[in-house]
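Please look at the structure below before reading on.

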Amino acid sequence: MGARGPAGPSTCAPEPEDCPTLGLGRRGSARRTTKPHYPAGLFAQASAARMGRKVTVATCALNQWALDFEGNLQRILKSIEIAKHRGARYRLGPELEICGYGCWDHYYESDTLLHSLQVLAALLESPVTQDIICDVGMPVMHRNVRYNCRVIFLNRKILLIRPKMALANEGNYRELRWFTPWSRSRQTEEYFLPRMLQDLTKQETVPFGDAVLSTWDTCIGSEVCEELWTPHSPHVDMGLDGVEIFTNASGSHHVLRKAHARVDLVTMATTKNGGIYLLANQKGCDGDRLYYDGCALIAMNGSIFAQGSQFSLDDVEVLTATLDLEDIRSYRAEISSRNLAASRVSPYPRVKVDFALSCHEDLLEPVSEPIEWKYHSPAEEISLGPACWLWDFLRRSRQAGFFLPLSGGVDSAATACLVYSMCHQVCEAVKRGNLEVLADVRTIVNQLSYTPQDPRELCGRVLTTCYMASENSSQETCDRARELAQQIGSHHIGLHIDPVVKALVGLFSLVTGASPRFAVHGGSDRENLALQNVQARVRMVIAYLFAQLSLWSRGAPGGLLVLGSANVDESLLGYLTKYDCSSADINPIGGISKTDLRAFVQLCVERFQLPALQSILAAPATAELEPLAHGRVSQTDEEDMGMTYAELSVYGRLRKVAKTGPYSMFCKLLDMWRDTCSPRQVADKVKCFFSKYSMNRHKMTTLTPAYHAESYSPDDNRFDLRPFLYNTRWPWQFRCIENQVLQLEGRQRQELDGVD
């Protein structure tokens, strides 16, 4: 996990009034708060021994829940208590931690502001928050404008309310919908405290705006999440103005391969400018599709000194590090370009704090050592992130487990493995002594004396899998599903859906007098597709019936959450039946590509010793909705789609990440695929993709809420906002492509004629 600083309680105490204390003045120069009278020759020795240079600071990752004010308060208090026990005198928490980041339109409600103030009052009043600077996040209304703020307080006094200056408003973020950025750089004004806070703090007004804190021994400046990612982050000018400790409170969600960018931004910030950087982040599922992935960290001068976990079931994780302020000063002293820029920077308003982060006797205090950041591979991220998201969803929804239609293919097998990974993490957390996880799992299984020890046994309690066979199903997929269920320990059910399908088709024939047939039996494409869809939709109905009543049939209380298993590539193309088994309560793999899922399943073979997955990986992907040919599968996904999963991933990234329409995608693929495809072939592939994508876009409006893991997710809820009624012929765009192809083909013919 990284360096944590002293293990025991702090021995620091506030400096006595007659002790010389040095702090940073307006431009970073030293100022003396008292005027001591030392005999000549003794001042240097006394001040060197007592001024303090080593600071212990704390940051954290908290599993907050939107609008869970009671739970959020308790987690904040616990983190402060841990930080104090480890000797920290500054504690940083995640963005909007008091109300939870994902409140969305609840930010409009006055209740959210009121309850946030009530929690702040409880924090100010608590003895836990005494003798430590606490930095918490909450929404604040100032002059009838809502701001996303940091509220920094010490010993029942609010030192500063610092509003966020750069709001996240892309991808999954919509902060400009609810908040206004503070646009007055290096300016503050008075904020009139509500009466409930005035009674506690004995303050009528406090500073509100862009300022920094000046303690006896150092200077502290705040950033909030998105501000780290902007082209000119506040830490640049703050560092030039003498700020030595930067804090960043984040609400940053997980995306595969994103951790590198986050760590690089922090290390680069302190490499160029020196200083200590603390990053706090939310963790867990706070009520929607996102999983906040922790990764709290402490860095100094370009090196990492403490690394928090990216995925864990711990609701509260606190990192501390003890660092020497003189290391910052000596690091900066030799960067002449930085010092030249510092001489010209505009100063920040200082809020003077009668407090020190260091001890006056810290000569023998051990300092933290730098560490190497340990990254997870994408397959490891998949094995941990969605599993933690499932755990939060299960315990907070107060359901008794999951129901998963298990087809014997890669996607449903990957979903089953995620539940099994969740069970592994639960058992490990309980073994480490996590009492919150133990209490939650006992509630889920409805057994107060239960203690999980074996992931396979726990999986049998919380996961019900079901193979729903039809006359078009092969024995091979049935065997693969059963073997995997046995190896992970799930409660497995096998059933046949043919009686229900025949009843529905028979009803249609009875009413209309027409009997649809599969294409292999002479039917049209419309008949063929309708007969496939009715099988898929019957499975959805059966899944919900068994999710509601299967535990009842076994004499157990509660219901089950239905899990979907459509991957991001199939969703992008619309290769799914509307209201089939892709329609579920939640989908842990809905934001993950087929390529990444296969890598994850291969990881599970080795990590969890699940040999049944080998045959699943080796088998071709198939929906098994058309009749078998001599008992063998005659239908494959890639043949049905008209493209490979690898190609789909490329289309998805170009469409969303590179922001290309049909013509721009064609132009980019001409270069990317120049060694394998002719311009005509590239054009045909692009036209095929956009035709099918636009034809099926309406399915995204009913897509099951899925774990967000991929930058090209087609989620219509908030991430990928596009029409769902298109002109699927794309006449203008396709004509531009066709004209370009004709020009290229004509040029090629001329070149060949010239050679001849």
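**Domain interface, sheet and salt bridges**

Across the interface of domain 2 and domain 3 the rule finds 0 salt bridges, a salt bridge being a side-chain nitrogen of Lys or Arg within 4 Å of a carboxyl oxygen of Asp or Glu. The model is predicted: local features need pLDDT of at least 70 and side-chain atom pairs count only at pLDDT 80 or more, while totals for chains, interfaces and linings use all residues. Residues are numbered from 1 along each chain as its sequence is written, and side-chain values use heavy atoms, with hydrogens and water left out.

**Domains**

- The assignment gives domain 1 (55-363), domain 2 (376-496 + 551-619) and domain 3 (637-755); such bounds come from an automatic or database domain assignment.
- Between domain 2 and domain 3, the C-alpha centres are 33 Å apart.

**Interface of domain 2 and domain 3**

- In contact (heavy atoms within 4.5 Å) are 29 residues of domain 2 and 27 residues of domain 3.
- The two domains bury about 2,400 Å² between them, 64% of it on carbon and sulfur atoms; buried area is the accessible area (1.4 Å probe) that two parts lose on being put together, summed over both.
- Leu 572, Leu 573 and Tyr 575 supply 31% of the area that domain 2 buries against domain 3, more than any other three residues.
- The rule finds 15 residue pairs in polar contact across this interface, both residues at pLDDT 80 or more. A polar contact is a pair of N or O atoms within 3.5 Å; within protein, one must be able to donate a hydrogen and the other to accept it, and residues adjacent in sequence count only if both atoms are side-chain atoms.
- On the side of domain 2 that touches domain 3, the elements giving two or more residues are α10 (378-397), α17 (568-573) and α18 (594-607). Helices (H or I, at least four residues) and strands (E, at least two) are DSSP runs, numbered from the N terminus.
- α17 gives the most to that side, with 6 residues.

**Sheet**

- An open sheet of 4 strands runs in the order β21-β20-β19-β22, with parallel pairing; two strands pair if DSSP finds at least two bridges between them.
- β21 (491-496) and β22 (561-562) are at the edges with a single partner strand each, so one side of each lacks a neighbour in the sheet.
- β19 (residues 402-405) pairs with β22 over 2 bridges.

**Salt bridges**

- The count by this rule is 38 salt bridges.
- One of them joins Glu 227 to Arg 162, with the closest N and O atoms 2.8 Å apart.
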